[in-house]
Structures are given as C-alpha cells and as structure tokens.
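Please consult the sequence and structure shown here alongside the text.

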Amino acid sequence: MMKTLLKLAIPLVVVFAFITQCDSVEPKIEQTEVEQIELLSPLNSATDQPINVDLTWKQIKGAKVYELMVSETENFESAVIDTLIETASFESGSVSVSFKTPSLKRETTYYWKVFPIKSNQAGPWSEVWSFTTRDSEAGPGSADLFTPMDGETLEAGDILFEWGSVEGVETYNYQVATDTEFTEITVDTLVISSAVTVDNLEAGTEYSWRVAPETESGTGPWSETWSFVINGKEDGSGEDTSEPVNPKVTLVSPGNGDSDLSTGLKFTWNGEFGHSEYDYQLSVDKAFDSVIKEETVFGTSYTTEDLQYNENYFWRVKIAGNGNEWSDIWSFSTEAEPVTPPPPSSGDFVTTQNSNFMLNGEIHRFAGTNAYYLPNYEKLNSGVVDRAMNLFEDSGVTVLRMWGFYDGYDCGYSRNDSNENVIQTAPGEYSESALRDLDSVIAKGKARGIKFIIPFVNYWDELGGICQYNTWAGASNPSRNMNFFINNSETQKWFKDYIKMLLNRVNTVTGVAYKDEPAIFAWQIINEGRNSGANAQILRNWYQEIAQYIKSIDSNHLVGTGEEGFDEGTPSEYTVSDYSNAYVLRAQEGTSYIENTSIPEIDFGSAHWYPNEWGFGTTINDQLLTAQRAWLSDHQRIAESYNKPFLIGEFGFPGWADDRVIKMYDELYQHAESIKLDGNLLWQLVADGTKCWEFGGNICHPGGRTDTELYNKFKQHITNMRKLK
C-alpha cells in the first residue's frame, strides 16, 4: 500500500454516465496524440471548495480509462492522487465523468489534470486547473446517500430514505422531485435525523432525491442526486390491489430451525405495505413467558450482538401497535462457545518447513493486519497505539505488518509536516527519539504475543521511500525511480547502512537486538517494489543481493520481498482463464513473482490484492471473485513449487464498509480457509477515527465508523485460520 495518498484514501464515490468493466488495464501505453480532455468543474482557480470535491471532465470518444492526478504542486512532483478510472466507451453526446476525492487538507490549493487512455492510444494531458479547499469554519460537508439506491425500482407504499450523518449536524433538508433539476419538487422539508419515510409517492413515476445539512448559517452543500422508480399497480387498472390492512408479518432470517448460529445475528422480515414500525420479541421459551428482548423497530431488520452460546431461542414480529397479529414463531440455536487456541508465544522465531510457516514446532497459519503508522503515532499520540494494541489483543491478531523506516524531509508526508517522526534525517544520520518510538511499539506488541513483519523502505514516496534516497543522491527524477535507486552506489550504500543499523540496534525497552528479537516475524526488503518497463531479472537480482546482505547479519529471521505479486508475460503457471483482466499477469512493472519467489534467500512468497485498482472493476461479481480465488490459489501453488509458504501481505476494497466489502472479504476468508492459506493481512484494522477514513477497505472498531459486522467476521476468520493445521 502507500502508493500515493490515494492509496490511503481511495475515492468514496466514482460516478459515471455509463459504467462497464474494462477487459484490460494497461498503465504503460504508447502515447499517440488524441483529443485533449476538457475539464469542467470545479472551475479553474475556484475557491471555497469542500474537502471531498467532485472533479468533472468531458468524456473523450473511445476512451475507456482515464488517469487522474491531483497534486499540491503545479509541476506534480509529488501527487496526492494518481489513479486509473474506468468508464464506458463513448456512445453519443457530451458524456461527463466525475470523481469524488477522498478528504483533502483544508485551506490548501490543489492542481489537477486528466489523461485519456484508449485501447491503443493515449494522451495528451488536459490543461492543469487548480482549486482551493475551504477552511474549517466554512460549514459541513455533504451527506452520502444510502437508500433508495440510484436506479432502484421500488414497490408503492412507505419509502424509507436513509443517508449518512454529517459531523456536527442534526437537521437535514431533504427533497424529492419528479425531475433531476428539482424544478418539480414533491417533498421539501427539514428532519432531525438521517432517515425519513415518505408514503405519498405515485406509482409508475420516476423520482430524484437529494439531501443537504441544515445549520445556523444556512443550507448545503447538497448531496449527489439519486433516482428511483415506483412500480405501477400489478393489474394495470390503477386500482389499489394491496393486501388487507394489518396482515401477519412473514419472517425471513434466521430460518426456522437453524442451528449453530453466531451470537451476533441480524433478524429480518418482509415489510408490509403502509407500515414502517414493527414490534420484535426474542424469548428462550415458545410461550414467550421469558422475553429477553422486546423492541419497536423502524424498518424490517433488527441486529443483536449479545446472544448466549449454545442456547435455543424463539422469535416473532408484528406490525407495531395493539391488536395486530404476531407472525409465526420461529426458533434457532446458537453455536457452542469456541475453544480458541492460545496465541502463540513470541519467544520462538518463525521458520519454514514443507511450504509452511512453523512456530513452536507446529504449523502456523494466521490472519492479521497492517498498521504501518504505529511508530509515528507513538510520538504524535501514544494513545492511538495503545488503543490499537487493545483491539489487536481482543481480535486475536498475532501478526502485524508495520513500517520499519521513515526517511528524510524531501518526499512524502514529512515534506509538509515537521511533526512527522522521521528516523533517517540525513544519509546515515538517525534520530534516536524516533528509533525509541519504534522500540516501544515492538515492546508493546511483544507483551501481547504479537509478531511483526517489517519492510526496510518504501517504493512509494510516503515516508520518504526510494524517492528520498534518490533525492539525497541528486537524481533529477527521484520519485519511484527504481532504476536509479538500485544502480546508484550512494543510495545502495545508504540503504545497506540503514539495514545494518536496524538489525544491530538493541531495543531500549526489551534489551534485545533486533536481529535476535523473536517478536519479529520477518523482514521485507521493500514495500511494493516495481521497476517499470525494465527486465524483471534486474529486480530479481537486486532482491537476491539484499537478501544475502540481510542474512549475513541476521540468521534468525525470514526474509521476503514485500512485492505485490505481479508477473510478466502471462506465465502458464497461472490459471489465466480465471482472470477477466490479465494486467496483473503481464503488468510490465519490471517484476516477476515467479522469478522472485525462486530466489534461494527469499523464504516465502509475497503478494497483495487490490482488485479495484488492478482493473477488475468496482462491482463484486462472479468475474472478480473467480479472479480472487485464482490469485490466492495460484500464488500459493507457485510458492509451494519452491517449497515455500505464501503470504497475502495486504488486501482491501474501498467500499467504506458497504455490502461490496462484506461480500469480497467473506469470500476471501472462505477461500483462504478452504485452501489453508499460510497467512493474510488486512489493510487495515483500526481502533478509532485516527486512521479509520484513510482507506475505504479498513475495518474500524470500536471507534470510527464502528464496523461491527465486518469486525466480528474478521475476528472469526482470525480464529479459524489459527485452528488450521
């Protein structure tokens, strides 16, 4: 991760006039001249823009992919957003494409430009436009719409409108209209909630709706506009053919007689025409003499997280109010309390044997998380670290991937923030206070049975990366210039000096040298190394050289590459037919997973998984899930061919805890468990709002968004992986 700031804050919303999945994404395309893109909004030099701004431009005929760059500098020396955006080919008219940015900094001027990509042509860049974000006193942000979904068809009756709450706002102005310009408004009112039910919308009509926060200073900004359609009467007569008033509610889930269910359950039932409130009861006896939960619920579902293990329950629902008939009574039983194996001791080193990770003489499979930011926050706010450690202990996380570097002041975050906890302040000069913060985090994790996977440098500019080494050495184009980095004698000396320093350092808290610390699971050479356009053998040979150097100092620890798992030339070792987009198998990024994993000094295979960034689309469909299963299985099988285990070092999907994230993660967990994957690490589990909003695939618990369902499923997966042998 950490490719650019975008990799920490994938866009909340990407809106297209037409949407399709690209058959292939080719980031490196010969630039032959095509029509220049016309930027639309915000207007050039616009001020007072929200921190989540919609960037809009006209579509180019035939263009299926666009590259968008946003930077704080006009020369785009360091981009905060650099991403590929998929859209459909041009059909007719002037179709625009819109991209909502993640949260940007306030009172900051940004520059942006767009680059079109066709199947065999690309470019040129658009003009460079700028905009300036508003200050913190300028008012609230816009609300995110939840339901009805854009383009949804609904049955006539009570329509529930829901949207995301805006920080500091209690009152909202919501509008429903029969046109997208809101000149024919049907509903226009204020509500003190983030949900409202409307029951007077006409069948056979298409409506648009939007919401704006209401404050003392006025209304706005408006949300996006979504549309939906109300079905006509089934018999076509225009007469009311609905069921009689107050019918008996039909239960849906959990199913009658279901067993071995989780202690956290969502109860659902079919809503009835004209009714939005329902009475729900849960009992431990069929006569409901011992009702343990009784609620009046708005909507057609109720969630509880505190059922007892190994218990029989009975439940029923009716339309709220006296005199209404209860539904049928359904029963279910919960699972027995799981016997969770104790966390493995951090007193032994992790080794490999027969394609497995081994710990304390046993096969060691795991699910864990990334938490790159911990050493920096040990300085900025150690409470963030302590809350994270508490969460990891609660969830059962025993493997954590965390940066073991922070280089210089010329690239990445520290360029604009002197508070950043830089370790290497100049070539060969190291901050003792920053290193002590790294010591402290490792000691806190060790005390809770956690082991750390630690890369030595970043390919991306965040936290300095190879950009900083190249800048120190005088490179004219330092950012992501791997060719310069690995071929320059100064950068390589400084990098090896840093590795030597860290391996030999004695932790000031534990008193143990890093090279002798069993709480360190493994070293990784570089985070997501690439050498775009070069022969993959060059990077492969460099990996071997650095791995040999690490092992010449430290014979205790495993060494991995830290790569994304791309390959070159679409090798037959992959089940190519399972990939709807073959970019990842022929990425032209100068790196080959097969070649790198074959290196004798590399102890395990490494890959990441970000399907939306790699051209598999933003919809969780059969094609994406098939590719996901193949990606895990293929990389594990290839690693096993070299008698090595395999680790998914990062995975995520920027859906902000929506149904897409739940679906993708559920499927990934199930497949990982079915193939006995050696290990996987989420990007990333966070305990509070500090890092919750950096990336839409994060699981936030108990603070931030409080993604309870995602968290419970991930916690169960952690337990399941630990049980696998």
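The model is predicted: local features need pLDDT of at least 70, side-chain atom pairs count only at pLDDT 80 or more, and totals for chains, interfaces and linings use all residues. Residues are numbered from 1 along each chain as its sequence is written, and side-chain values use heavy atoms, without hydrogens and water.

**Whole chain**
- The protein chain contains 12 helices and 41 strands (DSSP runs, H or I of at least four residues for helices and E of at least two for strands, numbered from the N terminus).
- Of the 725 residues in the protein chain, 55% are buried (under 20% relative accessible area, 1.4 Å probe, protein chains only).

**H9 with H10**
- Helix H9 (residues 622-641) packs against helix H10 (residues 659-674) at an angle of about 35°, with axes 10 Å apart (axes are lines fitted to C-alpha atoms over the stretch in contact, and angles run from 0 to 180 degrees between N-to-C directions).
- Contact residues (heavy atoms within 4.5 Å) include Leu-625 and Leu-632 of H9, and Met-664 and Leu-668 of H10.

**H10 with H12**
- H10 and helix H12 (residues 708-723) pack at an angle of about 5°, their axes being 10 Å apart.
- H10 and H12 are therefore roughly parallel to each other (angles under 35 degrees).
- Among the residues making this contact are Tyr-665 and Tyr-669 of H10, together with Phe-714 and His-717 of H12.

Technical notes
Parallel < 35°, antiparallel > 145°, perpendicular 65-115°, else oblique. Buried < 20%, exposed > 50% of the residue type's maximum accessible area, 1.4 Å probe, protein only.
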